[in-house]
Amino acid sequence: MNAKNKRTLKQDYLLVKRAVKLINDNTPHFVFYIAFYSFCCAAVSVGSNYITASIVDELTGNRRIKILIILLSCYLLEIVLKILRDYSWRRVRTFHIIAPKWEEMLLNAKNFEMDYKKTEDASVRAKRQMITDRSDESGFNELTVNIMYFFDGLFYLLMCSAITVSLFFRHAGRVLSGGERIIDSPLFTLAFFIIIFALSFIQYKFNIRFSKTIVKANQKKSLAQSRLHYYFDEYLDDSKSAKDVRIFNQSKLINHSFNRFYDEWGSYNKTLYRFMKKRYDYYNLFYLISNALTYVFVALKVYIGAFGIGGFIKYQYCIARIMESGFDFSVCFSKIRANNDYIEMFFEYLDMPSEMHYGKIPTEKRSDNIYDIEFHNVSFKYPGSDEYAIKNLSFRFKVGERVAVVGMNGSGKTTMIKLLCRLYDPTEGYITLNGIDITKYDYEDYLALFAVVFQDFRLFSFTLGENVACEKDYNKSKVLQCLDTAGLEERLKQIDRNLDAVIYKDFDDDGIEISGGEAQKIAIARALYKDAPFVILDEPTASLDPLAEYEIYSRFNDMVKDKTAVYISHRLSSCRFCDKIAVFHEGKMIQFGSHEKLLENKDGKYYELWNAQAQYYIEK
Ligand code: ADP
């Protein structure tokens, strides 16, 4: 990605080759269809010009009826070519419509399978954002459009060159004067083509120079555009912001800042279109000169009698097309190379390697739930951070125990859970499951042991049943039982479509809106449905008041039966029913014991926190 515009021709070729393979894998024979479409377009255009020219020649010359009939019937071939052209266009167009979503799906698939830590990594997110920002101007569509231009240029060049070559062999069939002999000579034709090619070459050089400037202007415009999009779509188009805007009368400030982005975007657009116009001005100038020269050249040939009016039509058209092909080539090559910045970023993203070690050992499926997890002197720093989020943590979960992890915000509780679930690996130390380092286990197998309800859990716009079971075909009675246990029985009675009701109205007007508390219950039911030996509540109830949280935690405690349950909270009262309480502070576990035992230590953190928080709780 950093090698922008610095790739060698070979590197650019390899990128295009890989992109084309990916496109062909998605839409078999896609490049063949593009080539075929371009071939048909060129054949229809060159063919009809050729037939028209031949008919004119025949009408102004021998006027043979048989030949005229043959020439006119060639138009039938044109109809067949047009049908084939339209068929291949349909295939090409279908891909063009799906391509942006298909690209997004590939990127999303990568997001699902990449190491979790990469999903939180700012540089990875920036990379993804940059790909999205550039996708307005670049992408697989842009590549295929330019491949099409390449084939257009190629077929026009081949067909028109094949016709134009005969110019060298067309001579006047009469005695010529000295000046006329010069016009008639092949050297005159050669000189004409040398001038035309020289003009095309100069124009090509100009075009390359402009293309580079246009690419840079486009990049600036894209950046400004994505800022504008962000402002509109993410920042302002959010019901949450509407409240603050009104209460604090922020509309003036917002408009001011929006206008700044808008002006910036507008000025980049102006620059871009100024360069684009300049490019076409130069192109038109060269085209005008070359065309004028072509007219003069072909007219002189007709004048000396090298060929008739039909030849004039034919050669003038073909030479103009050859020149346009040169322009097409220079535009499509520079655009393909510029678009490769995007393709390179795209593949870099897909190729991002996994840094975590994934073992192969299956976890034991124990009916007795005898699992033993131990942290061995574990320390952890988040990528890019110098601070330890966890420091020298040694800790054991005994089977069937209720363990609470309490501590102030930022003390490392959630980080400990992320390490436990292998969303991250420890920076130092290791974690074992039944005595074996957890990195040695098959990852999916290992994750199957945990059901976690995170603080920022997410439900999706699927049906209620699918949200709980996380699959399409699920056990209805088990889902109902889990929802019931989680306390949603009464609410469920009010929902018409029961488990088939879609949550939220994003995709279904009849979708149901749910309160924050109901969402928590559904998330808890999802954890119960998974029926994993370890269940963890990582403060999904933080937005509730302490008493409500205590109630949910203790009810959950009854639901999980013989499983190992871990409760996390910054509120000590929520977890006092637990057998063991681990007190976290600044990334370390500083105390471990039962509520009563911990309270006995009057110098301990637990005692200090308990007393500080107690004033907010109404003891029953
Ligand atoms: P708790 O769950 O106790 O509130 P966390 O485990 O979330 O605490 O956070 C522990 C420390 O790690 C905090 O200092 C927090 O700022 C930091 N931290 C948490 N998540 C990240 C992250 N994704 N990247 C960098 N630092 C993080």
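Strands S4 and S5 pair in the antiparallel sense over two bridges; helices (H or I, at least four residues) and strands (E, at least two) are DSSP runs, numbered from the N terminus, and two strands pair if DSSP finds at least two bridges between them. The model is a predicted one, in which local features need pLDDT of at least 70 and side-chain atom pairs count only at pLDDT 80 or more, while totals for chains, interfaces and linings use all residues. Residues are numbered from 1 along each chain as its sequence is written, and side-chain values use heavy atoms, with hydrogens and water left out.

Thr432 has Asp437 in S5 as its bridge partner. The two strands S4 and S5 form a hairpin with two residues between them, and in the turn Asn434 has a positive phi of about 45 degrees.

S4 is also joined to strand S1: five bridges link S1 (residues 373-381) with S4 (residues 428-433), and the two run antiparallel. Among the facing residues, Phe375 stands opposite Ile431 in S4, and His376 stands opposite Tyr430 in S4. In a regular strand the side chains alternate between the two faces of the sheet.

These pairings belong to an open sheet of four strands in the order S2-S1-S4-S5, with antiparallel pairing. Strand S2 (388-397) and strand S5 (436-437) each have a single partner strand and stand at the edges, so one side of each is left without a neighbour in the sheet. Helix H12 (residues 413-420) lies across S1, S2 and S4 and runs at about 65 degrees to S2. Contact here means heavy atoms within 4.5 Å; axes are lines fitted to C-alpha atoms, for helices over the stretch in contact, and angles run from 0 to 180 degrees between N-to-C directions.

A second open sheet has six strands in the order S6-S7-S8-S3-S9-S10, and its pairing is mixed. Its edges are strand S6 (450-453) and S10, each with a single partner strand, so one side of each is left without a neighbour in the sheet. On average, neighbouring strands of this sheet are turned by 15 degrees against each other, direction ignored. Strands of a sheet pair through backbone hydrogen bonds, either parallel or antiparallel.

| Strand pair | Sense and bridges | Facing residues |
|---|---|---|
| S9 and S10 (residues 588-593) | antiparallel, five bridges | His585 and Lys588 |

S9 and S10 form a hairpin with two residues between the strands, where Glu586 takes a positive phi near 50 degrees. Helix H20 (residues 605-614) lies across S3, S9 and S10, running at about 90 degrees to S9. Helix H17 (residues 516-530) lies across S6 and strand S7 (534-538), and its direction is at about 175 degrees to S6.

Which residues are around the ligand? They are Glu120, Tyr382, Ala389, Met408, Asn409, Gly410, Ser411, Gly412, Lys413, Thr414 and Thr415, where a residue counts if one of its heavy atoms lies within 4 Å. H12 gives the largest share of this shell, three residues. By class, the shell has three nonpolar, six polar and two charged residues; Ala, Val, Leu, Ile, Met, Phe, Trp, Tyr, Cys and Pro count as nonpolar, Asp, Glu, Lys and Arg as charged, and the others, Gly among them, as polar.

A polar side-chain atom of Glu120 lies 3.0 Å from a nitrogen atom of the ligand. An oxygen atom of the ligand is 3.1 Å from a polar backbone atom of Ser411, and an oxygen atom of the ligand is 2.4 Å from an N or O atom in the Thr415 side chain. A polar contact is a pair of N or O atoms within 3.5 Å. Of the 560 Å² of accessible area that the ligand has on its own, the protein covers 62%, with areas from the Shrake-Rupley method and a 1.4 Å probe.

Definitions and conventions: Polar contact = N/O pair within 3.5 Å; in protein donor to acceptor, adjacent residues only side chain to side chain.
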